[in-house]
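Please keep the sequence and the structure at hand while reading.

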Amino acid sequence: QVQLVESGGGLVQAGGSLRLSCAASGRTFSSYIVTWFRQAPGKDREFVAALGWSGSSSYYADSVKGRFTMSRDNAKNTVYLQMNSLKPEDTAVYFCATPRARYGVGSITTPDAYEYWGQGTQVTVSS
C-alpha cells in the first residue's frame, strides 16, 4: 500500500518561506511523477506543481511559477516543495499525490487522475 506523509506546513508572514516535504512508503518514488495540490477553504483542490521521475522535469501553475520549486531525494523517497515569497492567497492545505501509472510531467493536473494522496499539511500566510 502506498502511503504519503506531508510535513513542513505552518504559519508564516507574507514574503516568507516554507519547505514542505512528502515522504513515500510502499513505492519507489523515483519511477513516478509527484504532484502538489492545494485546497483553500471553500475552494476546489487545485494543481500547484509536478515533478518528473528524474527530477529534471517540472511543471508549475502560473500562480506559483518563479516562487515555488520542487525537488526530490530519491534515496530518501522524499519530494520537497520550496515556497518562497509567500502571499496570503497561498494559504491552503497542501497535499502531495502520485498516480498509480506512469505519466509525463504536466500531463495530468486534475485531482481525479491521482490515486494516492497524503493527509495534507496546513500553510497559513499572514498579511
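In this predicted model, lysine 65 has a relative accessible area of 51% and therefore counts as exposed, the cut-off for that class being over 50%. The side chain of lysine 65 meets that of aspartate 62 in a salt bridge, with 3.0 Å from N to O, and aspartate 62 is likewise classed as exposed because its relative accessibility is 66%.

**Salt bridges**

Side chains of opposite charge can pair when their charged atoms come close.

| Lysine 65 | Aspartate 62 | 3.0 Å |

Arginine 67 is buried, as is aspartate 90. Through shared partners, salt bridges join Arg38, Glu46, Arg67 and Asp90 into one network.

**Strand pairing around E9**

Six of the seven residues of E9 are buried, so this strand is largely enclosed by the rest of the structure. E9 pairs with E4 in the antiparallel sense over five bridges, and within this pairing tryptophan 36 has cysteine 96 of E9 as its bridge partner. E9 and E11 also run antiparallel and are joined by three bridges, with valine 93 having glutamine 122 of E11 as its bridge partner. Two further bridges join E9 to strand E10 (residues 116-117), again antiparallel, and here threonine 98 has tyrosine 116 as its partner in E10.

Threonine 35, in strand E4, is buried, with a relative accessible area of 0%. The side chain of threonine 35 makes a polar contact of 2.7 Å with the side chain of tyrosine 114. Apart from neighbours within four places in sequence, the contacts of threonine 35 are Phe47, Ala49, Ala50, Phe95, Cys96, Ala97 and Tyr114.

Serine 126 lies in strand E11 (residues 121-126) and is partly exposed, because its relative accessibility is 26%. When residues up to four places away in sequence are left out, serine 126 touches Leu11, Val12, Gln13 and Ala14. Between serine 126 and lysine 65 the C-alpha to C-alpha distance is 20 Å, and the two residues are separated by 61 residues in sequence.

An open sheet of four strands has the order E1-E3-E8-E7 with antiparallel pairing. Strand E1 (3-7) and E7 are the edge strands, each pairing on one side only, and neighbouring strands of the sheet are turned by 15° against each other on average, direction ignored. Within this sheet, six bridges join E3 to E8, which run antiparallel, and leucine 18 stands opposite methionine 83 in E8.

In soluble globular proteins, nonpolar side chains tend to be buried together. The largest nonpolar core here has 37 residues, of which Trp36, Leu81, Met83 and Tyr94 touch the most other members. At least two residues of this core come from each of strand E3 (18-25), E4, strand E5 (46-51), E7, E8, E9 and E11, and E5 provides the largest share, namely five residues.

Which residues does methionine 83 contact, leaving aside its neighbours within four places in sequence? The contacts of methionine 83 are Gly16, Ser17, Leu18, Leu20, Arg67, Phe68, Tyr94 and Val123. Among these, Arg67 belongs to the salt-bridge network described above, and Tyr94 is listed with methionine 83 among the core residues that touch the most other members.

Technical notes: Residues are numbered from 1 along each chain as its sequence is written. This is a predicted model: local features need pLDDT of at least 70, side-chain atom pairs count only at pLDDT 80 or more; totals for chains, interfaces and linings use all residues. Side-chain values use heavy atoms; hydrogens and water are left out. Buried means under 20% relative accessible area, exposed over 50%, partly exposed in between (1.4 Å probe, protein chains only). Contact means heavy atoms within 4.5 Å. A salt bridge is a side-chain nitrogen of Lys or Arg within 4 Å of a carboxyl oxygen of Asp or Glu. A polar contact is a pair of N or O atoms within 3.5 Å; within protein, one must be able to donate a hydrogen and the other to accept it, and residues adjacent in sequence count only if both atoms are side-chain atoms. A nonpolar core is a set of buried Ala, Val, Leu, Ile, Met, Phe, Trp, Tyr and Cys residues joined through side-chain atoms within 4.5 Å. Two strands pair if DSSP finds at least two bridges between them. Axes are lines fitted to C-alpha atoms, for helices over the stretch in contact, and angles run from 0 to 180 degrees between N-to-C directions.
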